[in-house]
Amino acid sequence: MPRRIVRVLLLLIVVGGIGWYLPRSGPISVNLNVNVPLPVTVHVDNPSALPSYRQHESQHEVQEVQGLVPASSPPQKTLSSKQLSILSSITAFARYLDNALDKIAIREEKFNLLPKHQKPLAEAVGYASHFEDARTRARFNAKFLGNVADYARETYGFGPEDETNKAHWDYVFDFFGHILRDWSEEGKHERDTVFPPILKALKDGMAVIKGEKRVLVPGFGLGRLAHEIANDKDYKVDACELDYGSVIAYNYLVNQTITPFEHTLYPYLTNWQYQGTAKGRFDAVRFPDVLPTSPVHLIEGDFLTEFPESEQYDAIVTLFFIDVSENIIDFLSNIHRLLKPGGLWINLGPLKWGSFSQMQLSAEEVLDLAERLGFTVDHDSRRSIDAVYGHQVGSLLKFTYVTQFWTAHKN
Ligand SMILES: C[S@@+](CC[C@H](N)C(=O)[O-])C[C@H]1O[C@@H](n2cnc3c(N)ncnc32)[C@H](O)[C@@H]1O
């Protein structure tokens, strides 16, 4: 196999669920079926993947997509890491159906192993009919996800057939979790646990500032918190998101939605564990519960590298964010750098850390570090808040994080 292709495959594996082990340099190439406007200089920055906070922990599935690189391929083109990241997200969305049907087929194969004389019993409880039901809904999901992929191709200047030959399926399953959490009625209880303390701390902390207040939400996910903040006209909200699965889905949501609850997905149709009822597998999620119309400026890319200008923000809000860092000192230093003197940092989230994290600090240690980096922590603000993440209502599995809330000011 040509070395360039090997490099692409390796990179795609790394950008995926195990993207925590990140490549740091080197140009990459990939076969494209049609023309893509390409940069002259290729820079591979630091695409990291998001650790999923959903209870259905990601399985880090990165798979070869059959038949995507034609035998008589056009000449290889060099893609920047950003383009590759976008294209691998597009591929995962565009090829969702293959993955969903595979999963259903595996379930069905297991079912078919039942001894013949037991089949009627299984059929009597209705189990056998679920395979076809799941396939029907997978095709339904695939339409929406295909639209997201098409819209992203158009947005980023790719051709209608462009795909990578590896798909990172977790992008889609993370999207299912985020859409539930941020833009569905089912996610309201989740949002109602974590948003009010943040919004109140922001309001109290910003009361002294006259006029427009600039707020940054790094690690935006699908953006509901940023939009909730931006509902108040006094705030000018910037957000930043590294994962292009979230970015392309968000772009579609914002630009291609006319009415509330316009879209429907069946996020659990391949998820047959922990279901209380048979129909739980086919629970629908309708979204968005409200239109994302408040003005939020999304900066795509890495929060560590996308903000060259220091001291821009009156407040920075981190929700389920700081523990996705590889280097927590870099994250806290950057929050500190970006805040204006006296600026407010509000944090709410667990300390899950990844295996890739260079330090896996306790809450005490994070706050100690913050003070050493030039924050004054408001210790009275500190409390624990139990919170779930992308939780399917009615699931027989509930994973609760004891999240840590605090506020701090830049000295
Ligand atoms: C656990 S999710 C939380 C998302 C959202 N705040 C929420 O609570 O639903 C963490 C998010 O941070 C993003 N992220 C991780 N590292 C980042 C970085 N260096 N710059 C920008 N976003 C990053 C991930 O892609 C992911 O969407």
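## Two nonpolar cores

The largest nonpolar core has 45 residues. Val217 and Val317 have the most contacts inside it. Val317 touches Ile198, Leu202, Val215, Val217, Leu225 and Ile346, leaving out residues up to four places away in sequence. In soluble globular proteins, nonpolar side chains tend to be buried together.

## The model as a whole

The model is predicted. The protein has 411 residues, and 42% of them count as buried. Its secondary structure comes to 11 helices and 13 strands. How far apart in sequence are the residues that contacts join? Among contacts between residues at least 6 apart, 82% join residues at least 24 apart.

## The seven-stranded sheet

Seven strands form an open sheet. Their order is S9-S6-S5-S10-S11-S13-S12, and the pairing is mixed. The edge strands are S9 (296–300) and S12 (375–387), each of which pairs on one side only. Direction ignored, neighbouring strands of this sheet are turned by 20 degrees against each other on average.

Strand S5 (residues 213–218) has parallel pairings with S10 and S6. With S10 (residues 313–319), S5 pairs in the parallel sense over two bridges. With S6, the parallel pairing of S5 runs over six bridges. Val215 takes part in both pairings: its bridge partner in S10 is Ala315, and in S6 it stands opposite Val237. Is strand S6 largely enclosed or largely open? Six of the seven residues of S6 (residues 235–241) are buried, so the strand is largely enclosed by the rest of the structure.

## A helix across the sheet

Helix H7 (residues 188–206) lies across S5, S10, S11 (339–349), S12 and S13 (401–410). H7 runs at about 165 degrees to S10. Two contacts of Val317, Ile198 and Leu202, have numbers that fall in the range of H7.

Helix H3 covers residues 96–112. At 1.5 Å a residue, its 17 residues should span 24 Å. The end C-alpha atoms are 24 Å apart, which agrees.

Which residues of H3 are buried? They include Tyr96, Asn99, Ala100 and Ile104. These residues cover an arc of only 130 degrees around the axis, which puts them on the same side of H3. On the other side, Ala105, Ile106, Glu109 and Asn112 are exposed. The cover over the buried residues includes helix H2 (81–94), helix H5 (130–156) and helix H6 (170–183).

## Helix H5

H5 has 27 residues. From its first C-alpha to its last, H5 reaches 38 Å, close to the 39 Å expected at 1.5 Å a residue. Its buried residues include Ala134, Ala138, Ala142, Leu145, Val148 and Ala149. Arg137, Asn141 and Arg153 are also among the buried residues of H5.

What do the buried residues of H5 pack against? Their partners are H2, H3, H6, helix H9 (244–255) and strand S7 (263–265). Just after H5, Gly157 takes a positive phi of about 80 degrees.

## Helix H6: Ile179 and Trp183

Ile179 is found in helix H6. Ile179 counts as buried because 26 other C-beta atoms lie within 10 Å, where 20 or more are needed. Leaving aside neighbours within four places in sequence, Ile179 is in contact with Ser184, Leu222, Leu265, Val285 and Phe287. The C-alpha atoms of Ile179 and Pro288 are separated by 8.1 Å, though the two residues are 109 apart along the chain.

Trp183 also lies in H6. Trp183 is buried, with 28 other C-beta atoms within 10 Å. Which residues does Trp183 touch? Not counting residues up to four places away in sequence, they are Leu222, Arg224, Leu253, Phe287, Pro288 and Asp289. Trp183 and Arg224 are 41 residues apart along the chain, with 6.9 Å between their C-alpha atoms. Leu222 and Phe287 are contacts of Ile179 and of Trp183.

Conventions. Residues are numbered from 1 along each chain as its sequence is written. This is a predicted model: local features need pLDDT of at least 70, side-chain atom pairs count only at pLDDT 80 or more; totals for chains, interfaces and linings use all residues. A nonpolar core is a set of buried Ala, Val, Leu, Ile, Met, Phe, Trp, Tyr and Cys residues joined through C-beta atoms within 7 Å. A residue is buried if 20 or more other C-beta atoms lie within 10 Å of its own, exposed if 12 or fewer, and partly exposed in between; C-beta atoms are placed from the backbone. Two residues are in contact if their C-beta atoms, placed from the backbone, lie within 7 Å. Helices (H or I, at least four residues) and strands (E, at least two) are DSSP runs, numbered from the N terminus. The expected span of a helix is 1.5 Å times one less than its number of residues. The arc is that of the directions from the helix axis to the C-beta atoms. Two strands pair if DSSP finds at least two bridges between them. Axes are lines fitted to C-alpha atoms, for helices over the stretch in contact, and angles run from 0 to 180 degrees between N-to-C directions.
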